[in-house]
Structures are given as structure tokens and as C-alpha cells.
Number of protein chains: 2
Amino acid sequence: MNPDVAWAVWCGERQRRIEDVLERVLPAAEAAPAQLSRAMRYAVLDGGKRMRPLLAYAAGELNAAPPDVVDAVAAAAELIHAYSLIHDDLPCMDDDTLRRGKPTCHVAFGEATALLAGDALQALAFGVLAAAALPDRAGACALLADAAGVRGMAGGQAIDLDSVGMTLSLPELETMHRLKTGALIRAAVHLGAACGRPLAADAAASLAVYASAAGLAFQVVDDVLDVEGSAASLGKTAGKDVAQGKPTFVSCLGLRAAKQHAEALRLEARAALVPLGGSARRLAELADWIVLRTH
Amino acid sequence: MNPDVAWAVWCGERQRRIEDVLERVLPAAEAAPAQLSRAMRYAVLDGGKRMRPLLAYAAGELNAAPPDVVDAVAAAAELIHAYSLIHDDLPCMDDDTLRRGKPTCHVAFGEATALLAGDALQALAFGVLAAAALPDRAGACALLADAAGVRGMAGGQAIDLDSVGMTLSLPELETMHRLKTGALIRAAVHLGAACGRPLAADAAASLAVYASAAGLAFQVVDDVLDVEGSAASLGKTAGKDVAQGKPTFVSCLGLRAAKQHAEALRLEARAALVPLGGSARRLAELADWIVLRTH
């Protein structure tokens with residue numbers, strides 16, 4: 001099979017697979033309290049690129065993890081991501097009205113229900129992970145908690161809030177994003193790998209370099225797309241970083257240098273995978289996908 | 001020692017102990033991002049009755065759980081409780097300004113930081129539990145996730161939101177509170193017991209009856225105090241349930257019958273402990289404390 005076609009098939013199969021898994025772990029639409037159940041489903045299903053689940057499935061291939069074990073960690077990472085988007089879009093945060101091409105959760109369900117839907121999705125993520133058939137479920141929960149909390153995603157969002165209207169240096173900007181989006185992306189990779197046989201120390205170190213570079217590349221490209229993209233292609237409000245006075249890789253480096261930075265990170269991510277051999281193929285293709293995407 | 005004095009000493013020792021544990025698991029006040037760390041500490045430290053930790057320590061005594069193992073589950077339950085109070089007080093929820101005798105977290109730190117502090121505290125709760133020295137850490141995480149999520153606390157809060165201005169029957173009101181406050185109280189009891197040797201099936205069943213009755217009694221008394229107490233004694237806004245048109249045990253039963261209901265639940269909780277013998281002494285005293293408290 002043509003490698004591009006094989007990749008597209010792999011990717012589509014796993015995107016459909018995670019959709020089924022998420023559908024299964026979420027409460028049924030009619031489950032009481034129905035408004036909350038519906039808001040949770042609305043925020044999670046039928047949308048998103050599922051990048052974190054794809055990273056988890058790809059990392060699982062490094063050491064032959066059974067896909068039905070990876071399902072749980074892929075779902076947990078995506079549930080944390082979905083909850084963070086709901087809370088990020090609330091009026092007291094980014095006050096956004098469009099997400100994944102739909103009205104944001106609080107526009108559709110009201111602020112209080114959206115807040116609770118985010119809260120319940122975070123709890124569900126840990127519940128799914130704690131019940132998974134992993135070699136070390138508690139270790140996985142600890143890893144996810146660290147990635148989601150004050151030393152990870154929530155901490156990065158707090159730095160983001162404090163940075164509005166400020167000029168950050170490139171290292172400061174990278175630190176913020178290593179927490180805000182990077183921590184959960186790295187967790188998705190490591191959790192996926194944790195579903196299989198343990199990796200040798202040097203392989204784990206290579207994977208960490210990959211996850212860090214790929215996570216940062218994702219954010220650089222996000223900043224570029226926020227400038228170059230349209231709401232129609234992005235499925236969310238374009239140009240909002242500039243409108244909100246947020247420092248971005250584009251405001252820090254300029255558009256041209258930001259694109260070059262993303263490309264350098266893509267190459268760094270791919271280079272880190274070389275010692276891992278053919279089983280890292282999907283991770284390498286994901287680095288390309290992250291950087292070369294248009295939405 | 002006089003039993004009342006012995007109880008007060010036991011209670012005070014454990015309240016100080018959990019304060020130290022919480023202090024230790026929370027980020028340092030100066031830890032970056034400092035505003036978020038401070039908001040988390042503000043919402044958790046120096047306040048509250050620590051009922052859930054006390055229940056965990058008391059349940060641990062049933063089967064000789066080492067207190068330093070119970071520390072982690074007591075802290076996890078209290079962190080979930082503290083996060084729920086932050087989010088509950090937000091303008092889009094109960095819009096409250098006074099909690100534990102202090103301005104609420106969003107009044108002190110702004111809504112966005114308060115939202116993130118709650119989010120980060122939930123993650124921290126699972127992180128603390130996942131790293132505990134429990135016999136079954138993953139099982140404990142699954143239990144806490146269930147108690148905090150759509151089938152527990154968050155679900156109960158959603159029902160609470162939907163009930164404003166409505167008249168609920170006693171069974172409907174009880175269902176709401178079994179989720180909203182009862183689920184986490186039951187979890188605190190069961191997590192405390194999970195820190196020691198496994199209980200026999202009949203002892204575990206007795207403990208479940210106790211936890212359910214004590215949790216419901218707590219809420220009935222809360223509703224009575226909301227009517228009879230003052231902001232000064234409660235440390236939070238009094239009379240707010242009535243002002244917000246929320247159904248309560250007092251609005252449902254009347255003040256006199258609500259007090260009788262609380263007393264009946266106290267006796268039910270105590271009766272359930274009889275087969276457990278002397279090691280259940282502190283749990284029995286906690287049932288009294290929950291019902292006979294004035295704030």
C-alpha cells in the first residue's frame with residue numbers, strides 16, 4: 001500500500017475506534033441528570049482531531065500494546081482535553097462561542113452545566129484510567145494527574161492568563177506551552193507506551209524527546225493557524241490570540257520564523273524516533289501530521 | 001479519660017494532622033504559577049470542619065489501618081470537597097461571596113484563577129490517591145472518580161441546579177443529596193476502611209449503611225442550620241437556600257420534622273455500627289457530631 005494511503009487508513013481506523021470508546025464510557029444521553037449527560041457528550045463526541053488518542057495508539061505500537069488496552073488511556077487523555085476546552089471557553093476564561101465548528105458548551109447548555117460537565121469529564125478520565133487493564137493503573141493515574149494539574153495543564157493555563165498583554169521571551173513562551181498543551185500531549189504518548197511491555201531506558205528517553213518536540217510543535221502550528229486560518233477551516237474563532245493580546249510564537253518570532261521553528265521541531269521529533277526503528281512509524285507520521293496540518 | 005474529652009482530643013489531633021498533610025501535598029505558596037498555588041492553598045487550608053478526613057480516619061480504625069496510609073485518602077477526599085466548594089460558589093453557580101468565614105476564592109483571586117484552582121485541586125486529589133501506600137490504589141481512584149463524577153457529586157449538583165424553584169418529594173430530595181454530598185462522604189468512609197485489612201462482607205455492609213445514613217444526616221442538618229444559623233456561626237451565607245428558591249429538607253418536611261429526620265438518621269447510623277464493636281467508636285461519635293453540631 002502507498003505509505004500515504006496506509007497512514008490515512010491507520011489514522012481513520014483509530015479515529016473511528018476512539019469515537020466508539022468515548023461513546024461507550026460517556027453516560028447515555030438520557031441518563032439522569034440528562035442535561036449534564038448531554039453536555040458531556042456534546043463536548044466530547046463528533047469533533048476534534050483526536051490527536052492525543054492517536055499519539056497514544058501510535059506509542060502503544062512501540063512495544064506491541066494491545067489496542068483494547070490503549071483504548072482506555074487514549075480515552076482518558078481525550079476526556080481531560082475535552083474538559084479543558086469547556087472550561088477554557090467559559091466567559092471568565094477565553095469567552096469563546098465557537099469550538100469544533102459548533103457553539104461552545106456553555107452557549108449550548110448554559111454556564112453552570114458547562115462548568116459541571118468539565119468537572120465530571122475530569123473525574124471520568126480518572127475513572128476510565130483507574131479501571132483500565134494496564135500493567136500499572138495507579139502509576140498511570142499519577143502520571144495523568146500530574147499532567148492535568150498545577151504542574152501541568154492547569155498551571156500552564158494560569159500562566160497564560162497572567163501573560164495577556166505581556167511580551168514573553170521564547171523560553172518563557174515555551175515554558176508556558178510545555179505546561180498548557182505539552183504536558184497532556186506528553187502524557188498521551190507515555191500512557192500509550194505504558195500499555196505494552198516496558199521500554200528500555202534509552203528507548204524511553206528517545207520517546208520523551210519525541211513527545212516534548214511534538215507537543216511544542218503542535219502549539220507553534222496552532223499559533224500560526226490562528227493567524228493564517230479561517231474560522232471555517234479551524235472550527236473555532238480565528239485571530240483570537242491577537243484580539244486577546246496573548247503572546248504567541250508568531251508574536252514572539254514573526255510568522256516566517258514561527259513556521260521554521262515548527263519545521264525544526266518536526267525534524268527533532270522524527271530524529272528522536274530513529275533508534276526506535278520501524279515500530280515508531282506511526283509516531284513519525286503523526287509528527288508530520290501535527291506540523292503539516294491546515295486546521 | 002472522660003469520653004467527651006477523649007473524643008475532643010481524638011478529633012483535634014486528627015484535624016491538626018490533616019492540616020499538616022494538606023499543607024504538604026499542596027504546592028508551596030511561592031511555587032509557579034504563584035497566583036494559582038495561592039488560590040489552591042487559600043481554598044483548602046485553615047478552614048472547614050474536615051468532616052470527610054475525620055470519617056476516613058475513623059473508618060480506618062475499624063481494621064487497624066496505619067494513620068499515615070489514611071492520610072492520603074483523607075486528603076484526597078478533602079481536596080475534592082474543597083474544589084467543589086470553589087466551583088459551587090462561582091457566579092454562574094450559587095454566586096456566593098462568603099465561605100469558611102472568608103471571601104470566596106473567586107472574590108479573592110478572580111473567577112478565572114478560582115476556576116483553575118478547582119480544576120487543579122481535582123487533579124491533585126487523584127494524584128495524591130494514586131501515589132498512596134494503599135493495598136489497591138487503582139481501586140481507590142476508581143471509587144473516588146465515581147463519587148466525584150456524573151454518578152456522584154457533579155451529577156447531584158446538576159440535579160440541584162435543575163431543582164431551583166421546584167417542589168421535590170422527600171425521595172427526590174434524598175436522591176439529589178445522596179449524590180451531591182452523600183457520594184463523597186460515603187467515599188471518605190470506604191476509602192478510610194480500604195486503608196486497612198479487608199473487612200468481612202457483613203462488616204462492609206454495616207459500614208455502607210452507616211455511611212449512607214451519616215451522609216444524609218449531614219445534609220439534613222445543613223438545611224436546618226441554613227434556616228436557624230447565622231453567617232457568623234456558619235462562616236458562610238445563611239438563609240441562601242430559601243433566598244435561591246432551592247428545595248431543602250426544611251422546605252420539604254418543615255423545620256420540626258427535618259430535625260426529627262436528622263435524629264432518626266443519627267440513630268440509624270449508630271445502630272448500623274453495633275455489630276462492628278468497639279473499633280467503631282469514633283464513627284459513632286462522628287454521627288453524633290454531624291447531627292448535634294451548630295455550624
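Let's start with one residue: A:Ala29 is exposed, with 12 other C-beta atoms within 10 Å. On the cut-offs: buried takes 20 or more other C-beta atoms within 10 Å of the residue's own, exposed takes 12 or fewer, partly exposed is in between, and C-beta atoms are placed from the backbone.

Some housekeeping. This is a predicted model, where local features need pLDDT of at least 70, side-chain atom pairs count only at pLDDT 80 or more, and totals for chains, interfaces and linings use all residues. Residues are numbered from 1 along each chain as its sequence is written, while chains are lettered from A and ligands numbered from 1 in the order in which they are written.

Back to the loop. A:Ala29 sits between α1 (3-25) and α2 (34-44) of chain A. Helices here are DSSP runs of H or I with at least four residues, strands are runs of E with at least two, and both are numbered from the N terminus. What does A:Ala29 contact, leaving aside its neighbours within four places in sequence? A:Ser37, A:Arg38 and A:Arg41. Contact means C-beta atoms, placed from the backbone, within 7 Å. A:Ala39 is ten residues from A:Ala29 in sequence and 8.8 Å away in space, C-alpha to C-alpha.

That loop also holds A:Pro33. A cis peptide bond joins A:Ala32 to A:Pro33, with omega about -10°. In chain B, the bond from B:Ala32 to B:Pro33 is cis, omega near -5°. B:Pro33 is in the loop between α1 and α2 of chain B.

Now positive phi. A:Asp95 is not a glycine, yet its phi is about 50°. A:Asp95 is in the loop between α4 (67-89) and β1 (98-99) of chain A. B:Arg50 has a positive phi near 60°, and lies between α2 and α3 of chain B. Buried or exposed? B:Arg50 counts as buried, with 22 C-beta neighbours inside 10 Å. A:Asp95 is partly exposed, with 14 other C-beta atoms within 10 Å.

Next, helix packing. The axes of α7 (residues 137-148) and α9 (residues 170-193) of chain A come within 8 Å and cross at roughly 165°. Axes are lines fitted to C-alpha atoms, for helices over the stretch in contact, with angles from 0 to 180 degrees between N-to-C directions. That crossing makes α7(A) roughly antiparallel to α9(A); the label needs an angle over 145 degrees. On the α7(A) side, the residues that meet α9(A) are A:Ala140, A:Leu143, A:Leu144, A:Ala147 and A:Ala148. Their partners in α9(A) include A:Ala183, A:Leu184 and A:His190.

On to the chain contact. Chain B gives 40 residues, and chain A gives 40 residues. Which element gives the most to the side of chain B that touches chain A? That is α6(B), with 13 residues.

Staying in chain B, take helix α3 (residues 51-60). Ten of its ten residues are buried. Among them are B:Met51, B:Tyr57 and B:Gly60. The cover includes α1 (3-25), α4 (67-89), α10 (182-193), α11 (201-228) and α16 (281-292) of chain B.

Last, the core. The largest nonpolar core has 212 residues. Such a core is a set of buried Ala, Val, Leu, Ile, Met, Phe, Trp, Tyr and Cys residues joined through C-beta atoms within 7 Å. A:Cys141, A:Leu144, A:Ala217, B:Cys141, B:Leu144 and B:Ala217 touch the most other members. Beyond four places in sequence, the contacts of B:Ala217 include B:Ala262, B:Leu265 and B:Val291.

Key:
Two residues are in contact if their C-beta atoms, placed from the backbone, lie within 7 Å. Angles under 35 degrees count as roughly parallel, over 145 as roughly antiparallel, 65 to 115 as roughly perpendicular and the rest as oblique.
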